[in-house]
Amino acid sequence: MPDSQNDERAFCYLELWLKQAAQNHPVLIVLDDVWNGPEAEGLLHKLLQLPHCKILVTSRFSFPRFSESYYLEPLSHENAIKLLLLAASLEKESSKLPDEETIKKIIGGCKRLPLALKVIGTSLSRRPTSVWKVTGRNMSRSGSIFDSEKELLECLQSSLDELDDKMVIKESFMDLGSFRENQRISASTFIDICRVLYERDETEAMATLDELFSRSLVNSVTTREYGYDDEFYEQYWFTQHDILRDLAIHLMNLEPIEQRKRLFLDINGNDVPEWWVHQEKHPSNARLISITTDERFSSSWPDMEASKVEVLILNIHSRTYNLPGFMNRMTKLKVLIISNFDSFPTEMTSEDNEPLNCLPSLERTRFERISVPLFSNPNQKPLINLQKISFFLCKFGETKIWDLMPNLVEISVDFCKDLSGIPNGVCEIVRLQKLSITNCHGLCSLPEDIGKLINLRTLRLRSCIHLEELPESTTKLRGLVVLDISNCVGVAKLPEKIGELHELEKVDMRNCSSLRKLPLSIKHLKKLKLLCDGEIAERLKTVALHLAKQVKVHQEQANLEWLGL
């Protein structure tokens, strides 16, 4: 579709497409999870007038003015029992089942709603019968039906009460309310937050995420099955059900603004909360602040005093965005996450024309669909404490950002199509330990100076399909442990002296279809475990038979569903 500047043009294009598509096939449009309000009704009014198609609307709300509604019933009693026991891992262990009356009370408390049954059942998994009985007794007091969404949230809250002895897991669940509804959240982002707020390393953070998943408090979005086994978390994503997000927001709102440890602000248009406009209250105790704005937001910011903030998340939806001036007073800020949900990268500006200039504590940043010349201001001061920076679907253009980050330890660049090469400035960051440039189809070559990165332990170039070779200077990376060139279909050869990388433990070269020859020196890599296709495995037998025994031959199917593009 062409770039549409407004809804009217978009509808014209949609109508034209429907007319063409309906010539060959019937067309069904599903509008899922539609919310109420005048904007939603206005959108429905336009869409329901489209010709050449049928439209199905699913919603938690009724829209009687448009068409006949069909109200879905809760699960049957039998299916409710099956789902509860399945979630509790008791579907095949009849000897461990609680008594029938207890199960009946829990199902009644959950009102036979699938999400409530799944979350409550998971929280009761492997718990003694006494806990089941207490849960059933407590839930039976809430009545026979949910009179409001608040009652549903209170029901789900009981599953969180079980986490009182696991505060990091409970707090991490609450933090997830800072992301947009139905947003796919990178595990790498979750790790950044856990490291700063709870002093968890990558392994501990992922264990926390796995615990949330096992309790049905988040949903995994599987991408590639080997994206999780070598500490590569950029392509491991998860989501949170919107009702569970509502639960986190509901619990946050129970506290006064001045006492909240986290603050989530969803701004529609320029509808800023009154307490903020009139400067009546300030989130003076908040360690995490999330601000979500839509395409109608004018970027006119009231002032805010939030001196304790360590994590700032900005969820935006616009072609241009003015960073709030109060950011520069967040002297304790350690994590900055800016995610744009427009179709095109956002051009960033700042109220004082000095973005990120007064953030002495900043350690980790992530940008999604952002135009990177954000850092092009000549007055920008170096971010000397910045250790990690991530770019996803960003536009680079001409930028010299790397000179401003002398102490980076990790760089991740994913799906940035206009990145044609690694700037020499990256090769001057001698503390760099991880360099991941993945799915960047414009990347054709690596600089010879890459050998200067003497502390590099991981070099990941996955799915850079136009990359043709690794420079010989790569063999100077004597501390390199992981080399990933999987899906680099253009790479035709490896450096001849690759055998000098004695610390190399893993090389992933799956789907390197142009790689016809392996250098003889590879036989000197005593620690190496190789991941490759069957054809390369056969060649290895003629070069280094002892390595051929450590080869893992793997076939996989790519899954790009997680992108949501």
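A residue is termed buried if its relative accessible area is under 20%, exposed if over 50%, and partly exposed in between (1.4 Å probe, protein chains only). The figures show a predicted model, in which local features need pLDDT of at least 70, side-chain atom pairs count only at pLDDT 80 or more, and totals for chains, interfaces and linings use all residues. Residues are numbered from 1 along each chain as its sequence is written, and side-chain values use heavy atoms, with hydrogens and water left out.

**Figure 1. Overview of the protein chain.** The protein chain has 14 helices and 20 strands; helices (H or I, at least four residues) and strands (E, at least two) are DSSP runs, numbered from the N terminus. Of its 565 residues, 51% are buried. Contact denotes heavy atoms within 4.5 Å; among contacts between residues at least 6 apart in sequence, 60% join residues at least 24 apart.

**Figure 2. Crossing of helices H8 and H9.** The axes of H8 (residues 167–175) and H9 (residues 187–198) come within 11 Å and cross at roughly 125°. Axes are lines fitted to C-alpha atoms, for helices over the stretch in contact, and angles run from 0 to 180 degrees between N-to-C directions. H8 is therefore oblique to H9, given that angles under 35 degrees count as roughly parallel, over 145 as roughly antiparallel, 65 to 115 as roughly perpendicular and the rest as oblique. Val168, Glu171, Ser172 and Asp175 of H8 make the contact with Phe190, Ile193, Cys194, Leu197 and Tyr198 of H9.

**Figure 3. Burial of helix H8.** Eight of the nine residues of H8 are buried, so that the helix is mostly covered. The buried residues are Val168, Ile169, Lys170, Glu171, Ser172, Phe173, Met174 and Asp175.

**Figure 4. The open sheet S3-S5-S4.** Three strands form this sheet in the order S3-S5-S4, with antiparallel pairing. S3 (185–186) and S4 (219–221) stand at the edges, each with a single partner strand, so one side of each is left without a neighbour in the sheet. Two strands pair if DSSP finds at least two bridges between them; S4 and S5 (residues 237–239) pair over three bridges. Asparagine 219 has threonine 239 of S5 as its bridge partner.

**Figure 5. Strand S11 and its pairing with S9.** S9 (residues 320–323) and S11 (residues 347–350) pair in the parallel sense over four bridges. The bridge partner of leucine 323 in S11 is serine 350. In a regular strand the side chains alternate between the two faces of the sheet. Met348 and Ser350 form the covered face of S11, whereas Glu347 and Thr349 form the uncovered one.
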